[in-house]
Amino acid sequence: MNTFTVPRGTSDILPDATPLWEALEFLARKICKSYGYREIRTPIFEDVNLFKRSLGATTDIVNKQLLELVSSQREKPAESGSNGDRIFLNEYALRPEGTAAVVRSYLENSLDKIEPLSKLFYIGPMFRGERPQKGRLRQFHQIGVEAIGPNSSSPLLDAEVITLAMHLLKELGVKEPQLKINSLGSKEDKARISTWLRGELAKQKERLCPECQARFERNVFRVLDCKNESCKKVVASLVKDLPLSTPSQEYFAQVQAALNSVKVPFEVSPHLVRGLDYYTHTVFEITAAGELGSQDAVGAGGRYNGLVHELGGNPKVSYGAIGFALGIERILLAIGESSVPLSGVAVYIMAMKEEYQPLAFLVMQLLRKSGISADMSFIGGSMKSQMGKADKAGARFSLIIGEDEVKNNSIAVKNMETSTQESVALGGIVEHLIKVLSS
Ligand code: ATP
Ligand code: MG
């Protein structure tokens with residue numbers, strides 16, 4: 001018989017692991033909110049052109065990793081008629097990252113009219129057609145933030161966003177996250193530096209790896225962070241610091257001063273660039289040790305002021321925008337935990353005969369209505385096997401309904417920790433448990 005398996009590059013998060021995810025997400029929400037960020041939830045698929053336009057046609061994500069939704073129908077139906085409601089999936093892609101969708105939503109919902117600065121966060125799955133390996137999945141999860149607003153470019157906001165990323169990682173249990181920052185300068189700086197870099201690299205083209213030879217025309221910044229030894233040498237001989245304009249240098253200096261003032265340690269790395277076209281000025285990446293291997297980046301981000309215009313923002317307004325995304329699976333690898341055993345319910349109810357099960361069911365529901373978490377064995381079985389289940393459920397008390405109890409209108413209450421047992425009148429069972437559970 002054929003069996004099914006989870007799609008390659010994805011994984012199930014099983015009940016033993018969900019408590020850890022829940023705790024992580026809870027903590028992340030709490031910390032983001034404490035910095036004044038509010039949660040936004042966008043669809044997991046969007047118009048494919050949103051990603052093509054925002055991420056840049058030459059980027060790896062768009063070129064190689066976009067998971068487009070396809071339908072077998074290629075023709076669009078006539079404008080009206082019975083087929084008019086069909087969804088044409090091939091116009092969509094699963095989201096590979098969060099920023100483009102957040103900016104789309106920001107503009108579509110005119111958030112700039114509602115608040116001077118939108119400080120937003122999201123938690124959710126992202127999708128990329130990668131070659132799966134440890135820490136590199138096709139469905140993975142990110143915690144991300146974006147701060148977007150008219151005239152909101154402030155080096156202090158860059159520092160806030162970076163500080164929040166580091167704060168989150170530390171609180172989530174990542175030991176000694178390493179922060180690298182760089183500035184790509186303004187849009188004009190970037191254009192000027194690209195031309196200069198392209199010219200310089202062209203002179204040493206044969207020393208570059210085949211991939212860089214192919215991409216230095218299209219996406220010259222990527223050569224700067226190529227891992228190939230020969231490329232690294234070429235780059236090291238060319239670039240000590242990126243030749244930024246004076247205002248860009250000053251902006252970057254203020255970001256660094258603000259980080260120093262709140263004691264966030266960092267290293268300036270002049271070869272750090274990000275894979276996406278939309279970044280200008282500050283970019284950063286955070287790595288961690290642990291079981292990450294070569295996939296050691298737990299998060300990354302940067303400033304992307306130009307993207308808001310690119311996606312249709314009012315040309316008369318000068319927008320500022322900065323954000324980051326942390327990879328939850330990589331955080332879990334860094335902290336070296338994938339699950340925590342956690343108690344399931346406070347009370348476990350066992351019926352000693354099948355005919356007592358309806359009574360067990362009734363008591364269970366009474367407890368739940370009073371706010372006490374409860375479960376029962378729907379399968380029954382011996383006292384020993386049911387006690388085993390109560391243990392596994394992490395119950396603090398088990399309730400036993402046997403022949404004597406039914407005769408006396410009572411229930412035996414066993415404290416699972418001390419193994420002491422007492423008989424409690426059926427009518428007073430809820431009050432009794434409320435009392436003992438709160439002590
Ligand atoms: P990498 O260099 O590792 O491919 P990236 O530059 O593609 O990362 P971003 O797009 O900046 O990563 O995403 C931010 C974070 O999301 C990464 O630092 C990483 O923690 C996580 N991440 C990205 N891609 C994946 C993936 N395929 N599987 C698991 N986590 C990922
Ligand atoms: Mg990648």
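Predicted model: local features only at pLDDT ≥ 70, side-chain atom pairs only at ≥ 80, totals over all residues.
Which strand supplies the largest share of the shell around ligand 1?

1. Shell of ligand 1. The strand in question is β9, with four residues, the largest share of the shell. β9 spans residues 297-303, and it is named together with β5 (139-150) and β10 (319-327) as a strand that supplies at least two shell residues. By class, the shell divides into six nonpolar, four polar and five charged residues.

2. Nearest residues. There are 15 residues around ligand 1, and those that come nearest are R128, E130, R136, R274 and R330. Two of these arginines place a polar side-chain atom by an oxygen atom of the ligand: for R128 the distance is 2.8 Å, and for R330 it is 2.8 Å. E130 instead has a polar side-chain atom 2.6 Å from a nitrogen atom of ligand 1. On its own, ligand 1 has 580 Å² of accessible area, and the protein covers 85% of it.

3. β1 runs parallel to β4 (residues 118-127), and two bridges link the pair. Within this pairing, R38 stands opposite L120 of β4.

4. The five-stranded sheet. A further open sheet has five strands, ordered β12-β11-β13-β14-β15, and its pairing is also mixed. The strands that pair on one side only are β12 (374-376) and β15 (421-425), at the edges. On average, neighbouring strands of this sheet are turned by 25° against each other, direction ignored.

5. The β11-β13 pair. What holds strands of a sheet together? Strands pair through backbone hydrogen bonds, in either a parallel or an antiparallel sense. β11 (residues 347-351) and β13 (residues 397-401) run parallel and are joined by five bridges.

6. Helices on the five-stranded sheet. Helix α15 (residues 383-392) lies across β11, β13 and β14 (410-415), at about 165° to β11. Helix α17 (residues 429-438) lies across β11, β13, β14 and β15. The angle between α17 and β13 is about 155°.

Conventions:
Residues numbered from 1 in each chain as written. Chains lettered and ligands numbered in written order. Heavy atoms only, no water. Pairing = 2+ DSSP bridges. Axes fitted to C-alpha atoms, helices over the stretch in contact; angles between N-to-C directions. Contact = heavy atoms within 4.5 Å. Near = heavy atom within 4 Å. Polar contact = N/O pair within 3.5 Å; in protein donor to acceptor, adjacent residues only side chain to side chain. Areas by Shrake-Rupley, 256 points an atom, 1.4 Å probe, with all protein chains shown as cover. Nonpolar A, V, L, I, M, F, W, Y, C, P; charged D, E, K, R; others polar.
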